[in-house]
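Hello,

I am handing over a structure that is new to you, followed by some notes on what turned up in it.

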Amino acid sequence: MSKEEYNPKVLGFLCNWCCYAAADAAGVSRYQYPPNLRTIRVMCTGRVDPSFVLRGFVEGADGIFTGG
Amino acid sequence: MVEAGRSPNIEILTNADLLSLKGQPGNFKADIVQRPRYINADDCTACGLCTTYCPRHQVDDYNEGLNITRPIHIDYPQAVPATYYIDPRSCLHLTHETCQICVPVCQSKAIDFSQKPEERTLEIGAVIMSPGFGRIPEDTLAKYSFGKHPDVVTSIEFERLLNPSGPFTGEVRCLSDNRHPHKIAFIQCVGSRDIGCDNGYCSSVCCMYAIKEAVVAKEHDPDAEITIYYMDIRTQGKEFDAAQKRAEDKGIKFVRAKVADVMPWGDHLRLTYSTLDGTHSFKAYDMVVLSVGLESPPDAQKLADMAGFKLNKYDFCNTDTFAPLATSKEGIYVAGAFNGPMDIPESVTQSSGAAGIASGLIKKQRGRGIIHKSYPDEKEMGDEVRIGVFVCHCGINIGSVVDVPDVSNYAGDMEGVVYYTESLYSCSQDAQEVLKEKIKEHDLNRVVIAACSPRTHEPLFQETLKDAGLNRSLFEMVNIRDQCSWVHANEPGAATDKSKDLVRMAVAKARHIQPLPEQTVPVNKIGLVIGGGIGGMTAALNLADQGFSCSLIEKQDTLGGNFKKLSHTQKLIDQVKKNKLVSVYTNAELQQTSGFVGNFSSIITTGKGAKAKEVTLDHGIIIIATGAREHRPETALGNSIKYSKKIVTQSELAEQLEGKGKKRAPDSIVMVQCAGSRGDDLNYCSKTCCITAVQNALRVKEINPDSQVIMLYRDIRTYGYAEDLYQDARQKGVLFIPYEMDNKPAIAEKGGKLSVSFFDPILQDDVSMNPQMVALSVGMVPEETDTLSKLLKVPVTADKFFLEAHVKLRPVELPVDGVYVCGLAHSPKPINEIIAQAQAASAKAAMPLVKGYVTVDPIVSNIDKEICIGCKLCTSLCPYQAIQMVKDENNRPKAETIVASCKACGICASHCPTFAISMGGFTNEQLNSQIEAFGKEILVKETEAA
Amino acid sequence: MAKAKKSREGAVMVLGGGIAGVQAALDLTDLGYYVYLVEKSPAIGGVMAQLDKTFPTNDCSL
Amino acid sequence: MGMNALIFNVLKELGINPDRFSLQWASAAEAPRFVKLITEFTDKIKKLGPLGESEGIGPDELQAKLKKGLAAVSSRKVRMVYGNTTKTIRKEGIFTPEYISSVIEEKLKKAIVGALSAEVEEGKPAAPEKKRAPAKQDAETKEAQKAPAKAKPAAKKPAEKASKKAKPAAKKKTPAPLKASAAKKKVVANKTPAKKKTAAKKKN
């Protein structure tokens with residue numbers, strides 16, 4: 001990836017009832033935000049296992065966002 | 001519409017007219033005639049060949065005459081039933097006995113001109129009238145030169161212009177010369193609040209849809225200049241004011257003015273208008289949209305005569321405030337716009353309520369003649385992974401930002417994907433048929449759909465999978481609309497890459513999906529209603545009418561709630577006391593509730609002081625009707641308020657006017673609207689204060705005709721038929737003076753004398769006076785919903801009202817299954833809407849009780865007994881106590897899930913030291929493969945690059 | 001599918017196939033009744049089917 | 001919150017900037033807040049630069065460290081201590097972030113450092129490598145059984161029970177009143193085992 005506009009890869013674990021719903025609501029109101037987030041939907045942040053976070057970094061995520 | 005189309009218990013009779021309706025409640029006979037479609041439904045494959053060959057041209061009514069179609073056509077591809085039809089008014093053969101080109105063209109020989117009108121007699125127990133509303137006659141639009149200049153369009157025509165299946169495939173163009181309109185004007189109150197065409201009522205919906213259309217038009221063309229000309233902005237519904245504010249922030253201008261006329265002016269349109277300060281001015285516009293109101297349906301009188309019920313003076317169905325869904329003939333109910341102009345959420349609420357009452361009337365026949373839907377048994381899985389990927393355009397919602405064909409092809413060459421395609425609307429009925437065909441044709445055993453949010457559409461697709469013989473869990477949905485195209489609208493490249501990544505991650509997860517068995521749990525057929533006001537009592541009585549017992553708990557020591565003094569409330573209280581199925585607990589409060597839909601168990605405390613005792617109630621559903629109470633702000637519009645005999649709220653004034661005292665009507669009174677509402681203290685509109693204020697003003701004038709009544713308002717929101725009250729008040733000399741938030745009226749009390757000063761836009765001068773009384777129209781706040789929302793784990797909005805599952809499609813249900821809401825706890829509303837919503841809530845609540853069982857979502861946790869070391873961590877961490885320890889064959893403790901209580905949150909799985917626990921649909925394997933697919937992007941790119 | 005003979009009173013007629021009619025029909029089947037949905041035009045959906053997007057979710061109004 | 005502290009410590013041990021992991025909350029009605037969180041987080045990561053670069057670790061050394069970190073959090077020892085720590089936090093009912101990270105720090109530090117220094121066990125521990133039958137009940141589980149057994153769900157309200165710290169957490173843990181859960185067990189008992197066996201067999 002070229003140096004000057006470095007585009008980070010962000011992995012997201014979003015809880016279906018809270019953050020995922022907030023993301024849907026953001027879509028409905030057409031808020032714009034940077035497109036670097038790749039979302040994995042989980043039923044609750046409780047489901048996010050520490051090994052998922054480490055594996056995310058192993059697989060090359062520059063940042064991991066967990067939203068409950 | 002899709003569900004109605006495929007439900008075996010709904011027989012859709014199209015092209016059908018009612019001839020006669022006779023009989024009594026529970027036993028009606030209806031004669032109907034079905035005009036022929038000239039195409040038989042079973043053969044027609046909706047291929048569209050006949051339309052291309054048909055020589056005759058005809059105006060396309062579905063597109064409001066904005067484009068041309070052929071006599072043999074279908075309104076829109078997603079229509080239900082998805083069969084073509086021939087319009088007898090214009091078909092050459094049917095009018096002149098010539099041409100039959102379409103007959104040989106049709107491959108499946110579906111066209112049959114010999115079809116004749118068929119008459120049928122239906123034997124039914126009840127009737128629900130929902131014929132909708134009619135169109136405003138065109139001559140009332142003439143003064144805006146509608147029909148004389150093509151760029152003056154009605155709001156329905158504008159909807160068609162915005163729609164991707166519209167005349168210009170979603171592009172807003174002037175009909176005169178196809179250019180993009182830059183300056184657009186909306187004119188409100190066209191054909192309503194207009195005594196000229198005897199539509200004195202307000203159509204209640206035009207302000208809101210005008211704002212929506214303006215915002216969507218702004219989306220299509222961000223630098224369009226849009227202005228809305230209005231008399232009063234009536235956005236009184238829940239969250240409507242917030243939407244109006246957002247529209248203003250987006251640059252849509254609102255001008256309070258009366259539009260005189262619209263004249264063609266070169267290739268533009270000249271709109272002349274006059275504002276309150278008496279200035280006349282005109283502006284040029286490329287397009288003018290008339291926000292037309294809702295007329296009563298054209299065949300209203302015919303229906304009324306046939307069925308024997310009465311209409312009101314505006315030819316809508318006549319109903320009583322305390323029985324909003326019943327017509328004057330028993331057994332016939334009304335729902336939707338035929339009852340009066342209303343918006344979609346209100347119509348949906350009324351139709352659920354009408355269904356509930358009808359089911360109460362004929363509950364003895366419930367279940368007879370019902371076809372129980374059976375699903376083909378599930379196909380054997382086989383170990384070969386065969387995935388089908390369907391990428392959706394969703395009209396222009398996705399297609400205009402994400403390069404859908406590119407994403408679809410990208411999915412094509414992924415391991416395990418044997419079929420990939422795109423579709424315009426994958427949620428429409430015809431797309432569901434295509435999905436079923438492809439599953440059979442390519443023997444797919446996993447389906448990935450890239451479209452909108454699984455939260456809204458997953459159940460729809462899972463139902464189609466079950467119809468195609470696939471276990472409903474073999475399905476993964478990718479959100480490339482709400483969380484991609486809508487939020488990265490001006491970065492199409494990045495949005496397409498994101499869609500590709502998300503599809504790749506979903507396919508990786510799909511490879512590991514296993515079928516999950518569906519568990520069902522029996523339902524406890526008893527209800528619990530919280531709150532004994534008008535809403536709660538109506539809901540409890542309606543549940544009893546449908547044959548289900550319920551307990552009604554009320555915090556106070558008597559039933560009645562806010563409207564205790566109304567005669568109707570007293571009648572309800574007697575009925576509740578006499579009804580054996582309703583057990584009442586007064587001085588009762590809910591302490592704790594556990595369980596889930598069909599199997600709730602609650603502890604309530606009831607009785608006062610010595611008699612206070614604790615009762616455990618088991619029930620299947622909960623209806624919340626806790627209501628609201630008057631909000632008495634300390635400061636209103638910046639003035640600190642000391643309530644006294646002289647400064648009262650509208651409800652206190654109403655009580656005073658009900659009294660007997662000679663001097664009860666003041667000689668001079670100033671009423672101040674929105675005191676403490678709409679951003680002043682509460683930031684929402686409480687919907688009923690305008691109507692109450694105008695009623696009080698009329699009452700004052702009635703008792704003391706020469707009293708001086710002045711009302712200071714921001715928008716008078718007497719929507720619907722209440723507009724007549726406003727009209728009446730104006731004629732009786734009540735002065736209505738608008739104020740703006742940047743020039744608020746000042747209210748003060750010095751030495752027992754009141755002084756009110758405000759700016760009068762008509763006099764263009766400051767006015768101050770000393771009225772005898774001041775009445776503040778204050779809003780209402782929900783009855784402390786916080787405790788209940790924590791107890792039942794249901795969300796509340798920012799304004800502390802309960803947040804319903806879906807504003808339009810599930811207005812009385814809460815996101816937690818089995819919990820329903822009605823009345824003021826949902827949002828402020830007048831009494832007839834409270835009663836309608838209560839009837840709807842009890843109808844919806846009765847559904848799980850009628851069904852008798854509840855299917856438990858199969859995504860619960862399951863524990864692998866060999867790997868489990870019995871460390872009991874999961875049992876202690878589970879917030880729902882859904883894991884218990886059991887002994888395995890050689891007597892070692894192993895964990896096991898209580899499937900019925902498990903809420904699939906996954907805390908056990910992420911804390912299990914030996915990875916022994918996995919969640920259905922979210923197994924460790926699936927999530928790990930999804931994470932690996934997230935990282936794979938570099939590999940794929942390198943291979944392509946190399 | 002062969003239409004089972006309807007017992008006389010166990011059905012309800014809904015006149016008008018717009019959003020109100022369709023919702024009433026769906027609710028009645030969930031409450032255990034057979035429904036005749038009588039619609040004057042060739043397809044159900046009424047005026048709502050003509051709308052582009054509906055407040056507040058602004059998704060398709062089909 | 002325990003998860004946040006655990007990841008924080010593991011990343012710090014590996015020398016990776018802990019700001020790269022963020023645990024936030026936004027309710028369904030707080031779309032603007034969610035957008036703010038995402039935008040800020042993406043900008044922060046953009047400023048930090050690619051993983052490893054801001055921390056001055058070369059790519060292959062980075063991978064080795066990360067793999068060791070992954071193995072550490074998947075090792076049974078660390079997860080057992082992590083589970084028990086969450087349990088004690090849950091029992092005490094004090095949920096302030098500072099308290100939680102201090103408990104995690106004190107209890108988990110040793111286990112994390114130990115696991116990290118051990119040589120890397122190869123292979124993705126998706127399913128634990130060895131299915132060892134637990135030779136003997138190790139100390140934690142025995143101690144867990146002695147913890148105040150709450151198996152017997154009491155119908156009485158929690159207040160009567162003499163639990164010293166009547167924290168809100170305590171009320172949350174009260175089991176469902178006797179009648180309902182018994183009914184549920186009856187319902188479930190005859191249902192689940194049959195299903196459980198078939199599902200389990202089909203799964204692996």
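One definition before we start: a helix here is a DSSP run of H or I with at least four residues, a strand is a run of E with at least two, and both are numbered from the N terminus. With that in hand, you can find the helix α12 of chain B, which is followed by Gly469(B), a residue with a positive phi near 80°. Please keep in mind throughout that this is a predicted model.

**Helix α12 of chain B**

Let me stay with this helix for a moment. α12(B) runs over residues 454-467, 14 residues in total. Its first and last C-alpha atoms are 19 Å apart, close to the 20 Å expected at 1.5 Å a residue. At the start of the helix, a side-chain oxygen of Ser453(B) comes within 3.0 Å of the backbone nitrogen of Arg455(B).

Several residues of α12(B) are buried, among them Pro454(B), His457(B), Leu460(B), Phe461(B) and Leu465(B). What covers them? The cover includes parts of two chains: α1 and β2 of chain A, and α1, α11, β20 and β21 of chain B.

Asp24(A) sits in helix α1 of chain A and Arg455(B) in helix α12 of chain B, so the pair joins two chains. Are the two partners buried or exposed? Asp24(A) has a relative accessible area of 5% and is therefore buried, whereas Arg455(B), at 38%, counts as partly exposed.

**Where chains A and B meet**

Now for the wider interface around that pair. In chain A, 39 residues are in contact with 42 residues of chain B. The two chains bury about 3700 Å² between them, and 58% of this is on carbon and sulfur atoms. On the chain A side, the residues that lose the most area to chain B are Arg30(A), Arg38(A) and Arg47(A), which together make up 20% of what that side buries.

The rule finds five salt bridges across this interface. Besides the pair described above, Arg55(A) and Glu932(B) meet through their side chains, with 3.7 Å from N to O.

Which elements of chain A give two or more residues to the side that touches chain B? They are β1, α1, β2 and α2. The largest share, seven residues, comes from α1(A). By type, the residues on this side of chain A divide into 22 nonpolar, eight polar and nine charged.

**Salt bridges within chain B**

Over all chains, a search of the whole structure finds 56 salt bridges. One of them pairs Lys212(B) with Glu159(B), whose closest N and O atoms are 2.6 Å apart. This pair links distant parts of the chain, with Lys212(B) in helix α6 and Glu159(B) in helix α5, 53 residues apart. Buried means under 20% relative accessible area, so Lys212(B) at 9% is buried, and so is Glu159(B) at 2%.

Arg386(B) and Glu384(B) form another salt bridge through their side chains, at 3.2 Å from N to O. Here Glu384(B) counts as partly exposed, with 46% relative accessibility. Elsewhere, salt bridges that share partners join a set of residues into one network, including Arg193(B), Asp232(B), Arg234(B), Asp715(B) and Glu723(B).

**A charged residue in a strand**

You will see it in strand β46 of chain B, which covers residues 893-897. At 11% relative accessibility, Glu896(B) counts as buried. Leaving aside neighbours within four places in sequence, its contacts are Ile863(B), Lys865(B), Ala882(B), Ile883(B), Gln884(B) and Val886(B).

**Chain C and its neighbours**

Five pairs of chains are in contact, and chains B and C share the most contacts. Chain C and chain D, on the other hand, have no contact, and their closest C-alpha atoms lie 13 Å apart. Chain C itself has one helix and two strands, in the order β-α-β from the N terminus. Of its 62 residues, 76% count as buried. Among its contacts between residues at least 6 apart in sequence, 29% join residues at least 24 apart.

Note on methods:
Residues numbered from 1 in each chain as written. Chains lettered and ligands numbered in written order. Predicted model: local features only at pLDDT ≥ 70, side-chain atom pairs only at ≥ 80, totals over all residues. Heavy atoms only, no water. Expected span 1.5 Å × (residues − 1). Buried < 20%, exposed > 50% of the residue type's maximum accessible area, 1.4 Å probe, protein only. Contact = heavy atoms within 4.5 Å. Polar contact = N/O pair within 3.5 Å; in protein donor to acceptor, adjacent residues only side chain to side chain. Buried area = accessible area lost by both parts, 1.4 Å probe. Salt bridge = Lys/Arg side-chain N within 4 Å of Asp/Glu carboxyl O. Nonpolar A, V, L, I, M, F, W, Y, C, P; charged D, E, K, R; others polar.
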